[in-house]
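Hello,

Here is the structure we talked about handing over. Please open it alongside this note, and my findings follow below.

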Amino acid sequence: MEPGLQPRRQGVNVVRHAFAILLQGNLLEKLPLSNLKEIIINMTNNRKSPIEITNEDFKKVGYQLIDAISHFIDTIHERPVTTGESPKQIQSVLGNASLPQHGTSVSELFSRTSDLLFNHSLLNGHPKFLGYITSSPTPIGALADLLAAAVNPNVGANILSPIATAIEKQTVRWLAEFIGVSPTCGGIFVSGGNMANFTAFLAARTAKAPKNLKEDGLRNDHGEMVFYCSKATHTWIEKAAVLFGHGTKAIRWIPTDADNKMNIDILSQTINDDVKIGKMPFLVIGNAGDISTGVVDNLSAIAAICKAKDLWFHIDGAYGIPAAVIPEYKDLFDGIREADSIALDPHKWLYAPLEAGCILVKNPQHLIDTYSSHPVYYNFGNQDDELTVNYLEYGFQNSRGFRALKVWMALQQVGRDGYIEMIGEDISLSQLLFEEAKKHPELEEITQNLSITTLRYIPLGFTQIENNNKTYLNTLNQKLLNELQQGGEVFLSNAFVADKYCLRCCIVNFRTSSKDILEIVDIIVRAGRKVHKMLQSE
Ligand SMILES: *Cc1c(COP(=O)(O)O)cnc(C)c1O
């Protein structure tokens, strides 16, 4: 017998079938009540649902799966980062069978599914994956997710998740300690950076808007609410402006200086100008590791402005703020203790498997003021213990999974020291890549901040050719990136820096080594020559 198919089911099916026939013929009513009761009792006595797996099968299939995953991790560096298959090719691998009518054995299902995932995925756990900002996932995080799913606490309310709520609270506190802000701040786990920033955006608005905002909505009676961020800010801010009813015109895009940091004088001036014309500034966003090049804004200067003008100071540290754990980088993040809220993304530089974002708020009462409501159908407020936290009052979600567990476990597996080592090495490797690009006659190094290096390919002797340099190099590097992304040897992304199309290498990957970096340089140059040759012959 295949795992997952139980002999008992047959008997149940016979009873179920008989029941269906009775139903169809409208014979049920004619049946004496005692018979009906007997049928139902028979059907559900010792109920074995089709979705249940026997203890033996669970272990057998579970161990097989763990073996397969372990082999996958062990050989990940030998696999292509991506197969580069088109959606059409993927579709043909998957087939387009319609919804199955009957069940399949669990063991067969797992062996088929793990093959599909191992062989047709982009592997961000590969040592040469340096694209966008997704990390290699911690193996302990994968196991923690399995454990969390097996127990399945609903971390929306304390009563539904006693230990999980306490663990999430502790994880939030640890993250605050990790980056060096007050452990008395509160916060909540969310799906990622966008949601963390959104959660803070609305808390900021509640804190600074007229008190009737909740009842009357955005009425602009006190002037249009406007907010400030640098041009390097991630696109979440536009989504927030649209989704939360402000419109993108309420965003004040502050230019950056030559070093890509927000220009503080212009920020201050723009706020003053807005106040003069009757607008209502309420929020300034500083970047701690901007999405393109990893630049950290002058956070203490922004903090001072916010303090002087009574504005909410939010830091988007989704990618970069974990670097504050490195003692030599502490000064760079000066000002984070002044922030009213900080978004960070454990699924980036803390290497948690997707999804895990977190928002830290200096005074968590602002979250409760924003998100709390007390419907009659919940009985969650019955514990007057001051430690009670019902996370549904802290953010968007009602039912919530146990995202904190994988972060809580990883923080304990390696401790602060382990993270200092890994994050520090990522930064060193990024610096190595920058230096290698600088040395190489066919590469131009562009920027290096935190663990992000941007560079581009320039054909030998090209700088002597006068005409159309810029457009050609942009086209060349764009095509080069496509070539690299399809090729499967390495995965990079792109950035525009001062109108230059660059290859962007972001190392949030505890598997990358210096050997990988040197090989990546060779791969880029080899592909660069090939693409240049192709473009020349067009
Ligand atoms: C990645 C990133 C985001 C978005 O985070 P998601 O987890 O993708 O939602 C926002 N801001 C910055 C600076 C980021 O690096």
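Which side chain does the side chain of Ser-451 join in a polar contact of 2.7 Å? The partner is Tyr-319. Please keep in mind that this is a predicted model.

**Ser-451**

Start with the setting. Ser-451 sits in the loop that links strand E8 (443-449) to strand E9 (452-457). Its relative accessibility is 0%, so Ser-451 counts as buried; the cut-off for that is under 20%. The side chain of Ser-451 also reaches the backbone oxygen of Ile-507, at 2.9 Å. Leaving aside residues up to four places away in sequence, Ser-451 touches several others, among them Trp-349, Asp-426, Ser-430 and Cys-505. Tyr-319 and Ile-507 are on that contact list too.

**The ligand**

Next, look at the ligand.

- Asn-194: a polar backbone atom is 2.8 Å from an oxygen atom of the ligand.
- Asp-345: a polar side-chain atom lies 2.6 Å from an oxygen atom of the ligand.
- Lys-348: a polar side-chain atom lies 2.8 Å from an oxygen atom of the ligand.

On its own, the ligand has 380 Å² of accessible area, and the protein covers 85% of it. The space that the ligand takes is the second largest pocket.

**Helix H12**

Now turn to helix H12, residues 299-309. Buried here are Leu-299, Ala-301, Ile-302, Ala-303, Ile-305 and Cys-306. What do these buried residues pack against? Their partners are helix H11 (264-276), strand E4 (280-287) and strand E5 (312-316). In an α-helix, residues three or four places apart point the same way, because there are 3.6 residues a turn. Just after H12 comes Asp-310, with a positive phi of about 55°.

**Phe-110**

Last, find Phe-110 in helix H5 (residues 106-119). Beyond residues up to four places away in sequence, Phe-110 touches Val-61 and Leu-65. Phe-110 and Ser-514 are 404 residues apart along the chain, and their C-alpha atoms are separated by 36 Å.

Best wishes

Methods:
Residues numbered from 1 in each chain as written. Predicted model: local features only at pLDDT ≥ 70, side-chain atom pairs only at ≥ 80, totals over all residues. Heavy atoms only, no water. Buried < 20%, exposed > 50% of the residue type's maximum accessible area, 1.4 Å probe, protein only. Helix = DSSP H or I, 4+ residues; strand = E, 2+ residues; numbered from the N terminus. Contact = heavy atoms within 4.5 Å. Polar contact = N/O pair within 3.5 Å; in protein donor to acceptor, adjacent residues only side chain to side chain. Areas by Shrake-Rupley, 256 points an atom, 1.4 Å probe, with all protein chains shown as cover. 1 Å grid on protein atoms, 1.4 Å probe; cavity = no way out; pocket = protein on both sides within 12 Å on 5 of 7 lines; lining within 4 Å. Sits in = over half its atoms within 2 Å of the grid points.
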